[in-house]
Protein chains: 2
Amino acid sequence: MSMPTSGRSAAVPTPQDLGVGARVSLHPMSDRFVEIILGALRSVDTGDLEVATDDVSTYIAGSERDLLRYLCDVIVAAEAREPGVHLGVSILLSRGCPGEVECVADPTTGLPRVAPIRLEQTGVHAAAHWSLYPLGAPDHLPVIERAVDAARRSGTYAGSEHYATRLEGDLAEVLTTAANGWLEVGSDVAHVVTHLSVSVNSPSAQVREEEDPA
Amino acid sequence: MSMPTSGRSAAVPTPQDLGVGARVSLHPMSDRFVEIILGALRSVDTGDLEVATDDVSTYIAGSERDLLRYLCDVIVAAEAREPGVHLGVSILLSRGCPGEVECVADPTTGLPRVAPIRLEQTGVHAAAHWSLYPLGAPDHLPVIERAVDAARRSGTYAGSEHYATRLEGDLAEVLTTAANGWLEVGSDVAHVVTHLSVSVNSPSAQVREEEDPA
């Protein structure tokens, strides 16, 4: 089923036309996880976003900027409910969804270019593994490499891992680095998905030191 | 940097040649998360796999069958350390990694076809959101659709979500449904990645009933 876009081919497609949205799974590693997850989701203003939570993740649809603001606020709100809690967060951002919208750019207007998103610093430090998937592009590696190059200049780039780029820094900057790479690709490639596995307050460094005092 | 495969072009590429591997993030929603994660990782035999854990996820490389057996065993071992614990698990499986191997099939042998993987039932029930990304394929939607069709016949298919297919059933069958879709695509497409967001022992259904008695 595709959206009926044919009647307004001269208009710039909206985020809704392009199937822009996200899925997020919030995993507070605490006995109080139910209160932390539900409390965080309840405390953040959804504005114009469509938000639906099931047992695996929360689906969010709306403009790119609103999505990022919401994702950042929800993670900050969860951390604030139990300061210092170790949070694992899995995020998917998608633009151009098969089955819901046609993954073909309007020949008149092309794909809309969204200005890079900036968010206020949160004071929450995060590390993440970030992967980017331009779909339907026969030569996808240079497209990914350009986005990773932009990330290298962002200040959050922290190395290349197997299957992912490591980002590290203030949560707001980690999320916007990944999102801006996704948006950059999305101005040329109709269907693009990005995944982020985010870690907040990980005790791994200390744990590893205790395990292996050498 | 690409692997030096040119000297043995007639050989069938190994999983290592093809950059086969996984990343997994295990998130037990419990105050005892450190013991659960480290205990589970330590208790499972790594066999011939290469395994490296950092603060965001664990990287695993080896044959497709060994990877799946390990992923399943680690999740079962984590659940067994605190029976009933709510676990969120984020999994990435990749075949054909840019920067490490050339994403071009050998013209003589093509890409190896791996037989579908089966694992013994675990008794652990899981729900998951599954996404599949054939990369570098100009016409990617029919490729995804064929894999989802196969999942529909597997018994774990539980509906189509935004950006993901819902799978539900015994953990072993949920994991193999996703992995077998990934392998099927990988016999035609040189670079293919799949993501799974897995939920074990979610209290969401009860919580939602308490929240909203209507």
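User: Is Y163(B) buried or exposed?
Analyst: Buried. This is a predicted model, and in it Y163(B) has a relative accessible area of 11%. That counts as buried because the cut-off is under 20%.

User: Where does Y163(B) sit in chain B?
Analyst: In a loop. Y163(B) lies between β6 (157-161) and β7 (164-170) of chain B.

User: What about the phi of Y163(B)?
Analyst: Phi of Y163(B) is near 70°. That is a positive value in a residue other than glycine.

User: And Y163(A), where is that?
Analyst: Y163(A) is in the loop between β6 (157-161) and β7 (164-170) of chain A. Its phi is near 70°, a positive value. Y163(A) counts as buried, at 10% relative accessibility.

User: Switching to the interface. How many residues of chain B are in contact with chain A?
Analyst: 59 residues of chain B, and they meet 59 residues of chain A.

User: How much area do the two chains bury between them?
Analyst: About 4,700 Å². Of that, 61% is on carbon and sulfur atoms.

User: How many salt bridges cross the interface?
Analyst: 2 salt bridges are found between chain B and chain A. D55(A) forms a salt bridge with R166(B). The closest N and O atoms of D55(A) and R166(B) are 2.9 Å apart.

User: How many residue pairs are in polar contact across it?
Analyst: 28 residue pairs, both residues being at pLDDT 80 or more.

User: Which elements of chain B supply that side?
Analyst: Several supply at least two residues each, among them β1 (21-28), α1 (33-43) and β8 (191-200) of chain B. By class, the side of chain B that touches chain A has 27 nonpolar, 22 polar and 10 charged residues.

User: New topic, chain A. How many helices and strands are there?
Analyst: Chain A comes to 5 helices and 8 strands. Along the sequence, the pattern is β-α-β-β-α-β-β-α-β-β-α-β-α.

User: How many of the residues of chain A count as buried?
Analyst: 54% of its 214 residues.

User: And strand β8 of chain A, how many of its residues are buried?
Analyst: 10 of its 10 residues are buried. Strand β8 covers residues 191-200 of chain A. H191(A), V193(A), H195(A), S197(A) and S199(A) point one way from β8(A). V192(A), T194(A), L196(A), V198(A) and V200(A) point the other way.

User: In what sense do β4 of chain A and β8(A) pair?
Analyst: Antiparallel, over 9 bridges. V89(A) has V198(A) as its bridge partner in β8(A).

User: And how many bridges join β5 of chain A to β8(A)?
Analyst: 10 bridges, and those strands run antiparallel. There, L135(A) stands opposite H191(A).

User: Last one. Where is T58(B)?
Analyst: T58(B) is in strand β3 (residues 58-61) of chain B. T58(B) is buried, with a relative accessible area of 4%.

User: What does the side chain of T58(B) join in a polar contact?
Analyst: The side chain of T53(B), at 2.8 Å. T58(B) also touches other residues, including A22(B), V24(B) and L41(B).

Terms used: Residues are numbered from 1 along each chain as its sequence is written. Chains are lettered from A and ligands numbered from 1 in the order in which they are written. Side-chain values use heavy atoms; hydrogens and water are left out. Helices (H or I, at least four residues) and strands (E, at least two) are DSSP runs, numbered from the N terminus. Buried means under 20% relative accessible area, exposed over 50%, partly exposed in between (1.4 Å probe, protein chains only). A polar contact is a pair of N or O atoms within 3.5 Å; within protein, one must be able to donate a hydrogen and the other to accept it, and residues adjacent in sequence count only if both atoms are side-chain atoms. Contact means heavy atoms within 4.5 Å. Buried area is the accessible area (1.4 Å probe) that two parts lose on being put together, summed over both. A salt bridge is a side-chain nitrogen of Lys or Arg within 4 Å of a carboxyl oxygen of Asp or Glu. Ala, Val, Leu, Ile, Met, Phe, Trp, Tyr, Cys and Pro count as nonpolar, Asp, Glu, Lys and Arg as charged, and the others, Gly among them, as polar. Two strands pair if DSSP finds at least two bridges between them. Lists of a residue's contacts leave out its neighbours within four places in sequence.
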